[in-house]
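Visitor: Hi! Could you walk me through this one?
Guide: Happy to. Here it is.

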Amino acid sequence: MRLKPKSALPGFHLALGYTLIYLSLIVLIPLAGVFLKTAELGWQEIIDILRSERVLSALSLSFGTALIAAALNAFFGTLVAWVFVRYDFPGKRLFDAMIDLPFALPTAVAGIALTALYAGNGWVGQWLEPLGIKIAFTPVGIIIALLFIGLPFVVRTVEPVMRDLEKELEEAAASLGASRWQTIRLVLLPSLLPSLLTGFALAFARGVGEYGSVIFIAGNLPYVSEIAPLLIVIRLEEFDYAGATTVAAAMLVLAFVMLLVINGLQAWSNRHKVRHQALAQPIQAGGAL
Amino acid sequence: MTIKTNVKQVLLASSLLAFAALHQSAFAKGNELLNVSYDPTRELYQEFNPEFAKYWKFKTGEDIGIKQSHGGAGKQARAVIDGLAADVVTLALAYDIDAIGERTGKIPKDWQSRLPNNSAPYTSTIVLLVRKGNPKNIRDWDDLARDGVQVITPNPKTSGGARWNYLAAYGYAKNKLGSDKAAQDFVAKIFRNVPVLDTGARGSTTTFVQRGIGDVFISWENEAFLAVNELGPDKFEIVVPSVSIKAEPPVTVVDGNAKKHGTEAIAKAYLEYLYTPFAQKLVAKHYYRPFLPEFADAEDLARFPKLKLFTVDEEFGGWQNAQKTHFLDGGVFDQIYTPR
């Protein structure tokens with residue numbers, strides 16, 4: 001069988017070979033190792049591990065907190081991006097640079113700092129504790145840590161798309177009698193949705209596997225605040241490599257499925273957008289006449 | 001070009017990489033010793049290593065360099081299993097060294113009988129650290145199981161030190177209450193009083209000291225002394241329980257690695273040097289209980305309170321048994337926690 005290049009550009013085979021080798025070395029081989037190690041166990045053992053309540057509750061905690069944090073980040077991150085794109089204010093560049101800090105900061109530092117803030121004797125925690133609100137050492141603390149870690153993913157993916165949005169479209173919508181809410185819902189959101197979904201997916205994927213920052217603020221009590229990555233570490237401490245990779249493989253598969261769904265949504269919203277624009281085109285043309 | 005040539009390219013590239021990796025590991029070391037240890041021995045070995053190097057130079061004329069690696073005991077053992085080329089290991093519990101031997105074959109089965117005192121040149125025990133003035137009036141293990149007392153300890157699943165904590169409480173309860181069932185209920189009560197289960201001893205220290213969480217912190221005796229002396233005697237005090245466990249952090253040569261590096265003689269001498277009068281004195285200075293107390297300073301020894309100590313071998317039939325019954329997946333410790 002011969003592979004035929006679809007594009008007229010030369011260098012297809014070289015590009016494909018390079019892509020395959022690079023992906024294999026960096027991504028596929030390490031991940032295949034996880035599944036190979038898992039395969040040392042029989043099906044029954046794998047199922048037993050994955051069906052144990054401890055593992056299930058850790059998985060649902062990790063995926064649940066990551067989803068909530070990514071959703072919150074998608075909303076507030078978009079607001080932050082909007083402010084940066086549309087408004088000018090003193091110190092804007094400084095704030096803009098600060099958005100990237102969670103990328104650069106070692107996650108353990110973030111975790112310790114957040115714990116210090118939100119613990120019962122911390123700056124923030126001391127005001128919340130008397131009100132009966134506990135953040136550090138509860139699942140809420142996990143969400144706080146993931147909010148911090150995930151924010152730049154959303155802001156940095158949405159920002160460039162937002163910058164390309166034409167102000168004239170909003171003005172046109174307003175002059176045609178659209179309310180502000182209609183403008184957001186029908187004009188802005190459809191164009192932003194694909195990048196928003198990408199940001200959401202990145203923040204979510206990062207949150208699911210996050211260990212360094214979460215471990216300090218979570219409290220790590222089994223069935224309450226024990227995240228799935230910690231279960232993996234616990235199994236490693238028992239020198240149970242296959243058991244550890246079983247949990248890891250389950251996380252990989254789950255995350256992969258969810259990312260596929262998000263990708264599908266994105267493709268759908270892209271098509272949706274194209275149709276929207278196709279519909280909008282004649283009206284605009286008509287308006288110009 | 002066909003897909004087959006692509007496969008060939010992939011194979012070629014990966015074999016090149018494998019080749020490079022092989023060469024990397026073939027780098028031999030000269031007169032260098034790597035001691036892989038756990039967290040609280042940092043200060044001790046920092047002072048011990050240069051002294052041993054001096055002694056070795058005096059004895060053989062050779063210059064040697066000693067490298068140290070510290071971390072959680074389980075993590076360190078795993079690093080050695082995964083290929084960290086330690087010449088000697090000085091870890092928190094025998095189980096971790098057993099694991100290295102079992103999985104790599106680099107340490108013989110009878111390693112613990114190669115040096116005196118079960119290969120433990122120094123021992124320690126588990127004590128209770130409370131806040132100044134002891135506001136919750138904690139006197140013994142029973143007070144940790146009381147309602148309304150918050151206990152700080154790391155997770156025995158991820159911390160070697162915490163396994164000593166757990167076994168100390170369990171051994172006390174079993175002797176006092178007479179049955180395993182009662183002892184299990186007792187430690188379950190203690191662990192239900194634990195609000196934060198950190199992964200390592202240093203994390204727990206932070207939780208107790210910096211975050212101000214908890215009424216009592218179960219700790220190595222040497223760490224408790226460090227905490228009181230460094231963070232201020234005006235903040236914490238040590239409560240010595242009536243009975244505790246004799247914690248024996250063992251040492252051994254990793255024969256497989258030492259043979260490969262040609263450091264067998266140095267490694268053996270290094271560990272034997274730990275049993276000399278000089279080292280025993282140093283050990284006591286760093287708050288470890290020396291195996292040969294006659295060589296330690298009297299004032300250092302006076303700091304160690306007298307209490308009844310039992311060993312893992314006496315109460316639990318050795319580390320292998322203790323690990324299997326209590327800490328492995330589905331063991332007694334896992335049964336403490338139930339889904340809510």
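Visitor: In chain A, what share of contacts between residues at least 6 apart in sequence join residues at least 24 apart?
Guide: That share is 75%, where contact means heavy atoms within 4.5 Å. Do keep in mind that this is a predicted model, in which local features need pLDDT of at least 70, side-chain atom pairs count only at pLDDT 80 or more, and totals for chains, interfaces and linings use all residues. Residues are numbered from 1 along each chain as its sequence is written, chains are lettered from A and ligands numbered from 1 in the order in which they are written, and side-chain values use heavy atoms, with hydrogens and water left out.

Visitor: How many helices and strands does chain A have?
Guide: Chain A has 13 helices and 0 strands. Helices (H or I, at least four residues) and strands (E, at least two) are DSSP runs, numbered from the N terminus.

Visitor: And what does the C-alpha trace of chain A span?
Guide: About 75 × 70 × 35 Å along its principal axes.

Visitor: How much of chain A counts as buried?
Guide: 40% of its 289 residues. Buried means under 20% relative accessible area, exposed over 50%, and partly exposed in between (1.4 Å probe, protein chains only).

Visitor: What about the accessible surface of chain A?
Guide: The total is about 16300 Å², and 71% of that belongs to carbon and sulfur atoms. The areas come from the Shrake-Rupley method with a 1.4 Å probe; for residues, only the protein chains shown count as cover.

Visitor: Switching to charges: which residues gather in a patch of negative charge on the surface?
Guide: A:Asp164, A:Glu166, A:Glu168 and A:Glu171. A:Glu168 lies in helix α9 of chain A, residues 167–175. Patches are made of residues with over 30% relative accessible area and no salt bridge: like charges are joined within 9 Å, nonpolar side chains (Val, Leu, Ile, Met, Phe, Trp, Tyr) within 5 Å.

Visitor: How many salt bridges are there over all chains?
Guide: The search finds 32. A salt bridge is a side-chain nitrogen of Lys or Arg within 4 Å of a carboxyl oxygen of Asp or Glu.

Visitor: Which residue does A:Asp88 pair with?
Guide: A:Lys92, with the closest N and O atoms 3.4 Å apart. A:Asp88 counts as exposed, at 71% relative accessibility.

Visitor: And B:Lys132, what is its partner?
Guide: B:Glu237, at 3.9 Å between the closest N and O atoms. B:Lys132 lies in the loop between β4 (122–131) and β5 (151–152) of chain B and B:Glu237 in strand β7 (residues 236–239), so the pair ties together parts that are 105 residues apart in sequence.

Visitor: Now B:Lys157, what does its side chain meet in a salt bridge?
Guide: The side chain of B:Asp334, at 2.9 Å from N to O. B:Lys157 is in the loop between β5 and α6 (160–177) of chain B and B:Asp334 in helix α16 (residues 332–336), so this pair ties together parts 177 residues apart in sequence. B:Lys157 counts as buried at 2% relative accessibility, and B:Asp334 counts as buried at 10%.

Visitor: Last one: where is B:Glu223?
Guide: In helix α9 of chain B, residues 221–231. B:Glu223 counts as buried, at 11% relative accessibility. Leaving aside neighbours within four places in sequence, B:Glu223 is in contact with B:Pro40 and B:Arg202.

How values were computed. Lys and Arg count as positive and Asp and Glu as negative; His and the chain ends are not counted. The place of a charge is taken as NZ of Lys, CZ of Arg, CG of Asp or CD of Glu.
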